[in-house]
Amino acid sequence: MDNNLETLATALYVKIDDMLKDWPDLAPERPPGSIAVTLGDAELLTLAVMSALLGFTSERRWLRYARENLAGMFPQMIGQSGWNKRVRKAFFLFIRVIRMLAMDTSLWSDDVWVVDSTPVQCGCSRETVKRSDAAGWAEYGYCASHSRYFWGLRLHLVCTLSGLPVLFALAGAKADERETLLGMLEAGRDVVEAHPGQTVIGDKNYFGQAFEADLTERELVLLRPVRKGEARRAGQDLFKPLRQVIESVNWTFKGQLDLERHGGRTPEGVIARVLARILALTAAIWHNDKAGQDVKRSLIAYDH
């Protein structure tokens, strides 16, 4: 299998199209008697992935580029208004395709997960904060990694050591990381039950007897740094090199997939753009795995 963007797009389209033929109920609901869409759902998600991989943060520029350069692959295109509506209605389809691709890799059975959260900034000025439709969900928070305050959300991510997204959630900037993780584990109970004895690596924020007891009840083993005043913990010598994995995954989202330049102005818009980036990373890892690449999370073959 070739390792380039066109091949990935073709393989991804076929995969999603086959899934929708097997489970048509996964497609976004459309009113009875509505006009048939010119751009299929599989094409829509494939285009969203290509947009993220090619670094487009403006939907208007992306659609203009697609009409001029991708007409051979996608002969039927839609306008920006239709694109916005379709992508936002495909919320659950994005999630199902991400899970389907992840399960179709050799990495899905990895017995170590890494968990962390990273800022998703939604505004820089006070005027934006006051007028944004995301106000009430987005809030002020502090990013210890960069020693700065920001206004927006946090992307909470559970991934394998190869960077494959397993579970994820968007929450307010001040949301408790432990509560968010427990919520993710509850929502993805089928995934947790299919991985008994899994080791979960987190930072110092994932602490507390009740929290760790909940993880133990789910047959998960927590590995984290020792907090001040605590006794030495098992496995702490292994923590630092493995802990860098989640930092590099976050950098992939921010440095290569422009997570903080998502451009969403409403809750639905932010969710759609973040999901497109998670799907893009998952699709790249899936394709690299099928192509036998050594570095599964590499996007070099797809970002130009």
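Helices (H or I, at least four residues) and strands (E, at least two) are taken here as DSSP runs and numbered from the N terminus. The model is predicted, and local features need pLDDT of at least 70, side-chain atom pairs count only at pLDDT 80 or more, while totals for chains, interfaces and linings use all residues. Residue numbers start from 1 along each chain as its sequence is written, and side-chain values use heavy atoms, with hydrogens and water left out.

Helix α11 covers residues 267-290, and its 24 residues reach 34 Å from the first C-alpha to the last, close to the 34 Å expected at 1.5 Å a residue (the expected span being 1.5 Å times one less than the number of residues). Because 20 of its 24 residues are buried, α11 is largely enclosed by the rest of the structure; buried means under 20% relative accessible area, with exposed over 50% and partly exposed in between (1.4 Å probe, protein chains only). Just after α11, G292 takes a positive phi of about 75°.

A nonpolar core is a set of buried Ala, Val, Leu, Ile, Met, Phe, Trp, Tyr and Cys residues joined through side-chain atoms within 4.5 Å. The largest such core has 88 residues, and those with the most contacts inside it are L45, L47, L53, W83, F94 and V97. Its largest share, 13 residues, comes from α11. With contact taken as heavy atoms within 4.5 Å, and leaving aside neighbours within four places in sequence, L47 is in contact with L39, W62, A66, L70, F74, M77 and W83. The buried residues of α4 are W83, N84, R86 and V87, and these buried residues pack against α2, α3, α5 and α11.

**Pockets and cavity**

Grid points are joined across faces, edges and corners, and a volume is the space filled by probe spheres set on the points.

| Space | Volume | Residues nearest the centre |
|---|---|---|
| Largest pocket | about 510 Å³ | S117, C143, A144, S145, R154 |
| Second largest pocket | about 380 Å³ | I95, L167, F168, A169, A187 |
| Largest cavity | about 170 Å³ | S51, E59, R273, A276, R277 |

The largest pocket is lined by 24 residues, and the elements giving two or more of them are β1 (112-123), β2 (139-143) and α10 (239-256). Of these, α10 gives the most, with five residues. By class, this lining has seven nonpolar, seven polar and ten charged residues, where Ala, Val, Leu, Ile, Met, Phe, Trp, Tyr, Cys and Pro count as nonpolar, Asp, Glu, Lys and Arg as charged, and the others, Gly among them, as polar.

The second largest pocket has 18 lining residues, of which 16 are nonpolar, one polar and one charged. At least two residues each come from α5 (91-103), β4 (165-172), α7 (177-187) and α11, and β4 supplies the largest share, five residues.

There is one cavity of 30 Å³ or more.

Methods:
On a 1 Å grid over the protein atoms alone, a cavity is a set of points where a 1.4 Å probe fits but cannot get out, and a pocket is an open set with protein on both sides within 12 Å along at least five of seven lines; lining residues have an atom within 4 Å of a point.
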